[in-house]
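This briefing covers the sheets, the ligand shell and the helix packing of one model. The sequence and structure come first, and the points follow by topic.

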Amino acid sequence: MTDAILVEGLQKSFGSNTALAGVDLTVPEGSVLGLLGPNGAGKTTVVRILTTLLQPDGGRAEVAGIDVVNEPDRVRSLIGLTGQYAAVDEYLTGFENLEMVGRLYRLGKRDARTRATELLERFDLTGAADRPAKTYSGGMRRRLDIAASLIARPRVLFLDEPTTGLDPRSRLGMWEFIADLAGGGTTILLTTQYLEEADRLADRMVVIDRGRVIARGTADELKAQVGGQRLEFTVTDAAVLPAMVARLRPLAVDEPHVDEQARRLSIPVSGGAEVLADALRRLDGQTAAVFDVGLRRPDLDDVFLALTGHATEESPGADGVPAEPVPTGGVR
Ligand SMILES: Nc1ncnc2c1ncn2[C@@H]1O[C@H](COP(=O)(O)OP(=O)(O)O)[C@@H](O)[C@H]1O
Ligand SMILES: [Mg+2]
């Protein structure tokens with residue numbers, strides 16, 4: 001299997017700010033790589049260098065065996081990139097936009113129209129096909145943008161946070177579409193803040209922080225690094241957390257993690273449901289402030305937290321923890 005994307009020792013600084021401090025990664029042809037990292041980690045910088053929009057200071061990068069610095073035009077002819085807002089004309093309709101991009105890619109008139117119709121349908125824009133793009137909502141615009149990047153059926157596709165800002169239904173639609181493309185053999189490099197997205201779509205992941213790779217592997221490999229089960233409590237009042245930790249510490253096989261802001265306690269444990277029963281016994285009626293309790297296996301959010309020391313931007317609230325739980329117990 002050859003690598004569709006090869007990155008070696010990639011470096012980039014903006015003034016005194018080091019965005020990339022030597023990043024190595026490869027993406028085998030036909031696979032999906034999830035590039036994860038907190039805000040400012042350097043994800044977009046990697047994408048911009050690979051798509052020839054930015055020159056690296058050091059290291060090298062190839063797409064389909066072609067050097068991105070030496071032969072940018074050849075690289076551009078093989079790739080698709082989201083965020084090509086220049087390609088979306090505000091005054092043209094959705095259909096006209098896609099038709100135009102098809103013509104720019106030298107598709108025949110009939111092919112360009114067929115492809116435009118197909119992509120509008122796929123991205124749920126058929127109803128808006130004849131409206132000028134300037135009347136589109138943010139989510140519709142993003143879908144049109146991604147549709148445009150797919151017109152020429154690129155071999156390698158770069159998706160920089162493709163579902164950020166989409167509503168949940170559009171996000172699911174986008175995931176299906178990305179999975180279809182991957183199934184059809186397109187190589188994809190995907191950056192995302194949504195770890196569930198990476199879990200579902202990516203064959204392998206590279207986690208970067210402050211311009212360096214801090215972990216890589218499959219989702220299972222990354223989860224295995226974090227370890228076994230955890231017992232999780234969400235409470236309505238953060239003040240009860242220290243007392244809970246004290247009572248539950250004997251069950252912990254590793255340091256409990258308290259997140260005061262999310263009013264959440266996570267305790268690494270070993271064993272199954274009996275641990276949960278034991279925990280409730282140990283709390284001995286002190287459960288008035290418990291809003292949610294559960295035993296769960298680590299997910300990528302745990303991996304991320306363990307690796308970087310903080311959650312992604314989007315994770316608080318995204319997992320069903322309300323920002324302002326309604327107190328159920330009295331104030332004691
Ligand atoms: N054009 C630029 N000028 C100055 N600093 C930049 C520029 N682009 C990115 N940076 C900085 O480089 C670092 C990495 O940014 P970026 O690649 O956008 O991260 P991410 O996409 O992971 O959020 C950040 O510290 C960011 O502020
Ligand atoms: Mg970015």
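The model is predicted. One open sheet is built from six strands in the order S6-S7-S8-S3-S9-S10, with mixed pairing. Its edges are formed by strand S6 (79–81) and strand S10 (212–217), each of which pairs on one side only. Between neighbouring strands of this sheet the average turn is 15 degrees, direction ignored. Another open sheet has four strands in the order S2-S1-S4-S5, and there the pairing is antiparallel.

- Strand S7 (residues 156–160) and strand S8 (residues 187–192) run parallel and are joined by five bridges.
- Within this pair, Leu157 has Ile188 in S8 as its bridge partner.
- Helix H6 (residues 168–183) lies across strand S3 (32–36), S7 and S8. The direction of H6 is at about 150 degrees to S8.

**Four-stranded sheet**

- The order of this open sheet is S2-S1-S4-S5. Strand S2 (17–28) and strand S5 (66–67) each have a single partner strand, so one side of each is left without a neighbour in the sheet.
- S1 and S2 run antiparallel and are joined by nine bridges. In this pairing Lys12 stands opposite Leu20 in S2.
- The hairpin of S1 and S2 has two residues between the strands, and Gly15 takes a positive phi near 60 degrees there.
- Strand S1 (residues 3–14) also pairs with strand S4 (residues 58–63), in the antiparallel sense and over five bridges.
- Helix H1 (residues 43–50) lies across S1, S2 and S4 and runs at about 115 degrees to S1.

**Shell around ligand 1**

- The residues surrounding ligand 1 are Phe14, Asn17, Ala19, Gly37, Asn39, Gly40, Ala41, Gly42, Lys43, Thr44 and Thr45.
- S2 and H1 each supply at least two residues of this shell. H1 gives the most, with three residues.
- By class, the shell around ligand 1 has three nonpolar residues, seven polar and one charged.

- Packed helices are described in pairs by the angle between the two axes and the distance between them.
- Helix H3 (residues 94–104) packs on helix H5 (residues 138–150) at an angle of about 25 degrees, and their axes are 9 Å apart. H3 and H5 are therefore roughly parallel to each other, since angles under 35 degrees count as such.
- H3 and H5 cross in the right-handed sense.
- On the H3 side of this contact are Gly94, Asn97, Leu98 and Val101, which meet Leu144, Ala147 and Ala148 in H5. The contact of H3 with H5 comprises five nonpolar and two polar residues, and no charged residues.
- H3 also packs on helix H4 (residues 109–122), here at an angle of about 130 degrees with the axes 8 Å apart. The two helices H3 and H4 are therefore oblique to each other.
- The crossing of H3 past H4 is right-handed.
- From H3, the residues Gly94, Phe95, Leu98, Glu99, Gly102 and Arg103 meet Asp111, Ala112, Arg113, Arg115, Ala116, Leu119 and Leu120 in H4. The contact of H3 with H4 divides into six nonpolar, two polar and five charged residues.

**Helix packing: H9 with H10**

- Helix H9 (residues 241–248) and helix H10 (residues 273–283) pack at about 120 degrees, and their axes are 9 Å apart. This angle makes H9 oblique to H10.
- H9 and H10 form a right-handed crossing.
- Met244, Arg247 and Leu248 in H9 face Ala279, Arg282 and Leu283 in H10 across the contact. The contact of H9 with H10 has four nonpolar, no polar and two charged residues.

Methods: Residues are numbered from 1 along each chain as its sequence is written. Chains are lettered from A and ligands numbered from 1 in the order in which they are written. This is a predicted model: local features need pLDDT of at least 70, side-chain atom pairs count only at pLDDT 80 or more; totals for chains, interfaces and linings use all residues. Two strands pair if DSSP finds at least two bridges between them. Two residues are in contact if their C-beta atoms, placed from the backbone, lie within 7 Å. Axes are lines fitted to C-alpha atoms, for helices over the stretch in contact, and angles run from 0 to 180 degrees between N-to-C directions. A residue is near a molecule or strand if its C-beta atom, placed from the backbone, lies within 6 Å of it. Ala, Val, Leu, Ile, Met, Phe, Trp, Tyr, Cys and Pro count as nonpolar, Asp, Glu, Lys and Arg as charged, and the others, Gly among them, as polar. Angles under 35 degrees count as roughly parallel, over 145 as roughly antiparallel, 65 to 115 as roughly perpendicular and the rest as oblique. A crossing is left-handed if the near helix is turned anticlockwise from the far one by less than a right angle, and right-handed if clockwise.
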